[in-house]
Amino acid sequence: MTAPVTVRSARPTDAAFAAPLIQATIGPVGLALTGAASDGEAEHILRGFFARSVHRLSFENTWIAECAGEALGVLVAYAGSDAPALDAAYRERRRSLGLPADVASEGQPGEWYVDTLAVSEAARGQGIGARLLHEAAAQARERGLGRLGLLVEQGSRAAALYRREGFRVAGERTLGGHRYRHMVRPVS
């Protein structure tokens, strides 16, 4: 890559790029949030949700890494204390489908929660994920939050990136029937 990688706030029109990456990354959580039966259905629902305000996977909580105008990766992050309010849209969707409105909020108070970090397949291995994590740390500092937090599925290759970037396991959670490690990193 010769041009620099930049990170910008997402726009509603980024849904076609962001939604597939988000669903591919969050998998069973996306199915649980949307009440969808398949990844394709969940991705379609998330495309519609992406352009809406005030929920966890909104463009408002998303940043796009790009190089020379080409989108390469996506970061979804928000204050952990905001997680319950940001899940209201998904609780309402589940209720409308006749499903239990149980949506486990992921973020913890006191942390800038990295909900989703995803890089397009063609751009993997080029430092885009690390660049997005550095952006998340800058956002945490701007908001006066002392740590980054995220969940990573046990056995995920992404855990190696998080360890290299200073994250340590702080606990475990079960979401959508899958076990995740809660990893945190202080923000300096």
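## Ser105 and its surroundings

The side chains of Ser105 and Asp87 are joined by a polar contact of 2.8 Å (a pair of N or O atoms within 3.5 Å; within protein, one must be able to donate a hydrogen and the other to accept it, and residues adjacent in sequence count only if both atoms are side-chain atoms). This is a predicted model, where local features need pLDDT of at least 70 and side-chain atom pairs count only at pLDDT 80 or more, while totals for chains, interfaces and linings use all residues. Residues are numbered from 1 along each chain as its sequence is written, and side-chain values use heavy atoms, with hydrogens and water left out.

Ser105 sits in the loop between H5 and E4 (helices, H or I with at least four residues, and strands, E with at least two, are DSSP runs numbered from the N terminus). It counts as buried because its relative accessibility is 17% (buried is under 20% relative accessible area, exposed over 50%, partly exposed in between, with a 1.4 Å probe and protein chains only). Leaving aside residues up to four places away in sequence, Ser105 touches Arg56, Ala83, Pro84, Asp87 and Arg173 (contact means heavy atoms within 4.5 Å).

Why does Arg8 count as buried? Because its relative accessibility is 16%. The side chain of Arg8 makes a polar contact of 2.9 Å with that of Asp14. Asp14 is also on the list of residues that Arg8 touches, along with Thr62, Trp63, Ile64 and Glu66, again not counting residues up to four places away in sequence.

## One side of helix H5

Helix H5 (residues 88–96) has Ala89, Tyr90 and Arg94 as its buried residues. They cover an arc of only 135 degrees around the axis, so they lie on the same side of H5 (the arc is that of the directions from the helix axis to the C-beta atoms). Their cover includes helix H2 (28–34), helix H3 (39–50) and helix H4 (83–86). After H5 comes Gly98, with a positive phi near 75 degrees.

## Strands around E7

Strand E7 (residues 178–186) runs antiparallel to strand E5 (residues 147–153), with seven bridges joining them (two strands pair if DSSP finds at least two bridges between them). Here Leu150 stands opposite Met183 in E7. Strand E6 (residues 168–175) is also antiparallel to E7 and joined to it by seven bridges, and Gly171 has His182 in E7 as its bridge partner. E6 and E7 make a hairpin with two residues between them, and Gly176 in the turn has a positive phi of about 55 degrees.

## Positive phi outside glycine

Val54 has a positive phi near 55 degrees, in a residue other than glycine. Val54 lies in the loop between H3 and strand E2 (62–67) and is exposed, with a relative accessible area of 56%. Ala68 is another non-glycine residue with a positive phi, near 50 degrees. Ala68 belongs to the loop between E2 and strand E3 (70–79), and at 73% relative accessibility it counts as exposed.
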